[in-house]
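Subject: Structure handover

Hello,

Here is the structure I said I would pass on.

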Amino acid sequence: MPFHLRQMGMIAFIVLVTSPVQGSAALTNTECKECHYDSEVSAKRFESSVHGELDCTDCHFEVPGQHPETQEVGAVAPCVECHDDAAMSLKGSEHWAPGTDGKSHRVDCTDCHSGTPHYFLPPSSRDSPLNSRNVHKICAKCHNNPSKPSENPITGDVFVPVASYLESVHGSKLDKVPGVASCTDCHGHHSFRRIMDPASTLSRSHIIETCGNCHQGKRDDYYSGVHGSLLTEESAKIARMSPEEYAAFIRETPLNERPPVCTSCHTSHSIQPADSFATVDEVEHLCGQCHQEQVKLLDQSVHGPSPDGHGGKRKGLKCRQCHADYHANKDIRSGDSVVSKRNVADVCAACHSDPVSVVSTGHTFEPVSSYKESVHGKGLYQSGLYFSAGCVDCHGSHNIFALEDERSTLHHHRLPETCGNANCHVGVHDKFLEGVHGKIYLEEGARFDKLPPEQRRDFLFKGPVCIDCHVSHRIRRTDRPEFYVQAIRQCGDCHPLAIATYKKSYHGKAALLGSTDVAKCQDCHGSHLNTNATGPDSQLTSDRILAICQKCHKKATMKMVSYINHLEIEKRTLKSGVVAGDPLQRQKQTGLKVLLAFRFLMELLLLSVFVFFGIHTILWFVRGMVERLRHPETVPLEKKTEYYVRIDRFHRIIHLCVVVSFLGLAITGLPIKYPDHPWSAAMFQAFATLFQGNGGQVARVFHRLFAIITFGYLAAHVGRIIATFLGTLHAETMARFRQCPVDTTLPLELRTAGWYFRWFLWGVPVAVAYVPVNLHLQLAGLFSSRKAWKTKLQALFGPNTMLPRLKDFKDLWANIKWFLWLGPRPRWDQWTYFEKFDYWAVFWGVAIIGLSGLCMWFKEFFTSTLGLPGWVINVAMEIHSHEALLAMGFIFSIHFFNGHLRPGKFPMDRVIFMGVVNRHELETERPEQFQRLVQSGKLQEIRAPSPPLWIRVAGTLFGMVALSVGLIIVIWIFDMELGNLLSSN
């Protein structure tokens, strides 16, 4: 009521109650109490009510003065006189509007406030009918008729309001928890409006705030989520609607086109506790109300209900397991969403964090962590490339199916389209379909589509698709070495013979160990746009293959292209006669014959040497141990302290170069011999770590460096032999040429040793340049003196020569008889037969291994410049590999035993480092030499002082390290050869 009207009413009321009525004075409050208190109105109850402070005449303002005599009560002031705001709200509410049947169903104040106004209690009083714990009883007078249930026009729920409320989480806690929501907390008090009225507290635009009065945190979460942002947009539209327009909007707008509000999920009156949602199938009954298509896909997917579900209870994946909190559910396009591309992998990890094994490859991996380390994962998480593929890009979101299900996006029949979709690898997909693998894929797909559904599950696909080469979660960058190694192994899954033969070539060996600059499968055959090797469109035909080789070998000619990459396949191809008329294949046919012949010869050589010397070593070990046990050595002290020169400084340095270069060649070369062995991978990984580079390239550089050292010491040694041979005529001439004094008290070998050692330090060119000069100085004396000839012949064929002599064969036979207890031990001279064998084996090995190594090193020179066919490189590698294996196996087993590990020398013979032996060793080990020196009186000429302590210690340490490394390499070779033998069987 307007303020001025209310003032006028109050003035009229005062005039009435203060003016005489019918000529008599009005009654006072005290006079009313004398008659009505405790007879009609309880004074105690009235005074404790909300109206207790009022006078009777405040409401009964028309009581006549002669009331007791006349019995007239008069008019009662309406509630609106004091509660005009409440009255105005009530008149605008649903409780004042006509009913749907056209009759008036208005609610009076006393209908809700209950009983007489004399006893109205405040709502805060526990006994008040309007207290939150009691108000539902008032509402139940009208809204608890089971025969007339209510229907929520938004959700369609049919319910008995008060009964449903009492069973809800709110109603069930009325007597237990103070402040629980009651009817008026949600519907309002006097301003109650129908839910179809946009002004209602429960309309879509207001219900979040209504519920948020109690659930503030959930309200804030809701508005921060995607549903809240959509409702905010919708509420702005609803604010401009009339009740009729709002009702039409609710009726005509599909449920899945409206963002959910509180009652959409929690219902209205029958709200259940939050923990009860664990038993509610929210997929169908909650989220499914709006997201029908997603629920349908989810039910059909691998995450759908398990087939062993009981009683209709869902055992599959629930919405909240991926989308997390319902209230703060963010837009998937938002970076804060738990199912955004950056976060969805962690959601998947909640279930898929255990290692799994791929049946086709047998590889075990952890899906999510492997994905994060892949090129896709690093692109997304490290580079921030949001278009990088995430989990749902490949697997789908709700429509995830098992890989063997043809509906799966990763099914063999659909995978190329998944990877080649418009947002990813479109160009690669097109090239794949043009290649030989793509054609196989299309042919198999056509056959698969023609099969009836019941037979498709058993269809066996043979052609490769994306994950067969790039794997699934662990996809690597294609420009990294590890990808090429992985690709080679995966090609072998379908082409085992091709890979087995490729691994035997240098390309294959180096590639498997990480070398990036050698030819790999895709370099020759192509990657996605690959072709059949023998087809008409192949890039490996005679007129096209040269261009392939020139990608790496710029100076390659047609001679080089006859190099054989796949030996067994080439053999089969040539036997088939399909390409017999091709000139390139005819060259390869010739190369195959030569290659197999050399392989047979080298294997025969290996077998012969190891069988003979293996038996020799075993017999010597047995006989030596028996002798040591029977006759322990007791050496007089003086024979231990007298030292004699056995090896001069030049030869000790040469031997040091031999040891270092040979161990280096073995360590850097063995991984290429056995690229599949874990030791090889570990060795190349160590190279990469130590030198911060590619392990294969580092090993290659060092292998060639050690090869140069090998050629250097061989040239120095040969140069010294020639110079020494020509320098035995006149010491004076040699002295003049050297411009240094000559100590004539020492043998010629010792007099020249120091000078030639200086030559060695100056370098091989100086030593080689000396040869023609010395030859010019000596030729006259050489051809004019018979004595010079005799001296030289004695040096060549005498007892001190390194050339084989008849005595060496006799000593070998005598030694074998001694092994078998058939004769005495032979009397050795300065050099034994097994030492001469070791000596000449170096010349043989360096020549064979060196020449074959140079052929592989400078392949373009040998093929393009010298015009040798490419298969010569295959032959060179075959010889290089077998000869190196022979050298390493012999040196680290037979030579180590003969020189260091046999009884009497164990654990090491240090003469090669100190250069001297004691008298006892010279007398017992070399009796022939010792006797000759004594008879000629030259024994004292070679006597030397005791070697310094630092030489003994350094020589021992170096020797033990070299010996240990050599023995480890022998074990390595044995392990790898045994593995090859077992795998071949």
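The notes below go from the whole chain to individual residues.

This is a predicted model, in which local features need pLDDT of at least 70 and side-chain atom pairs count only at pLDDT 80 or more, while totals for chains, interfaces and linings use all residues. Residues are numbered from 1 along each chain as its sequence is written, and side-chain values use heavy atoms, with hydrogens and water left out.

Overall

The protein chain has 50 helices and 7 strands. Helices (H or I, at least four residues) and strands (E, at least two) are DSSP runs, numbered from the N terminus. The chain has 985 residues, of which 40% count as buried. Buried means under 20% relative accessible area, exposed means over 50%, and partly exposed lies in between (1.4 Å probe, protein chains only).

The accessible surface of the protein chain is about 54400 Å², and carbon and sulfur atoms account for 62% of that. Accessible areas come from the Shrake-Rupley method with a 1.4 Å probe; for residues, only the protein chains shown count as cover. Among contacts in the chain with a separation of 6 or more, 64% involve residues 24 or more positions apart. A contact means heavy atoms within 4.5 Å.

Salt bridges

Side chains of opposite charge can pair when their charged atoms come close. The structure holds 23 salt bridges, each being a side-chain nitrogen of Lys or Arg within 4 Å of a carboxyl oxygen of Asp or Glu.

One of them joins glutamate 406 and arginine 456, with the closest N and O atoms 2.7 Å apart. This pair links distant parts of the chain, 50 residues apart: glutamate 406 is in the loop between α22 (391–395) and α23 (415–419), and arginine 456 is in helix α26 (residues 453–456). Glutamate 406 is partly exposed, at 30% relative accessibility, whereas arginine 456 counts as buried at 18%.

Arginine 193 and aspartate 197 also form a salt bridge (3.4 Å, N to O). Arginine 193 counts as partly exposed because its relative accessibility is 31%, and aspartate 197 is buried at 17%. In the salt bridge between lysine 905 and aspartate 909, the N to O distance is 3.4 Å. Lysine 905 is buried, with 9% relative accessibility, and aspartate 909 is buried too, with 16%. Elsewhere, a network of salt bridges links Glu209, Arg219 and Asp220.

A helix pair

Two packed helices are described by the angle between their axes and the distance between the axes. The axes of helix α12 (residues 216–224) and helix α13 (residues 226–238) cross at roughly 80° and come within 4 Å. Helix α12 is therefore roughly perpendicular to α13, a label that covers angles from 65 to 115 degrees. On the α12 side, the contact is made by Tyr222, Tyr223 and Ser224; α13 contributes Val226, His227, Gly228, Ser229, Leu231 and Thr232. Axes here are lines fitted to C-alpha atoms, for helices over the stretch in contact, and angles run from 0 to 180 degrees between N-to-C directions.

A surface patch and its surroundings in sequence

Ile618, Phe621, Val622, Met625 and Trp821 form a nonpolar patch on the surface, with about 480 Å² of accessible area together. Patches are made of residues with over 30% relative accessible area and no salt bridge; like charges are joined within 9 Å, and nonpolar side chains (Val, Leu, Ile, Met, Phe, Trp, Tyr) within 5 Å. Tryptophan 821 sits in the loop between α43 (806–819) and α44 (833–857), and is partly exposed at 42% relative accessible area.

Phenylalanine 809 is in helix α43 and is exposed, with a relative accessible area of 56%. Its C-alpha atom is 9.9 Å from that of threonine 832, which is 23 residues away along the chain.

Histidine 717 belongs to helix α38 (residues 695–726) and is buried, at 10% relative accessible area. Neighbours within four places in sequence aside, histidine 717 is in contact with Phe650, His651, Tyr839 and Phe843.

Glycine 850 lies in helix α44 and is buried, with a relative accessible area of 10%. Not counting residues up to four places away in sequence, glycine 850 touches Phe711 and Gly845.

Regards

How values were computed: Angles under 35 degrees count as roughly parallel, over 145 as roughly antiparallel, 65 to 115 as roughly perpendicular and the rest as oblique.
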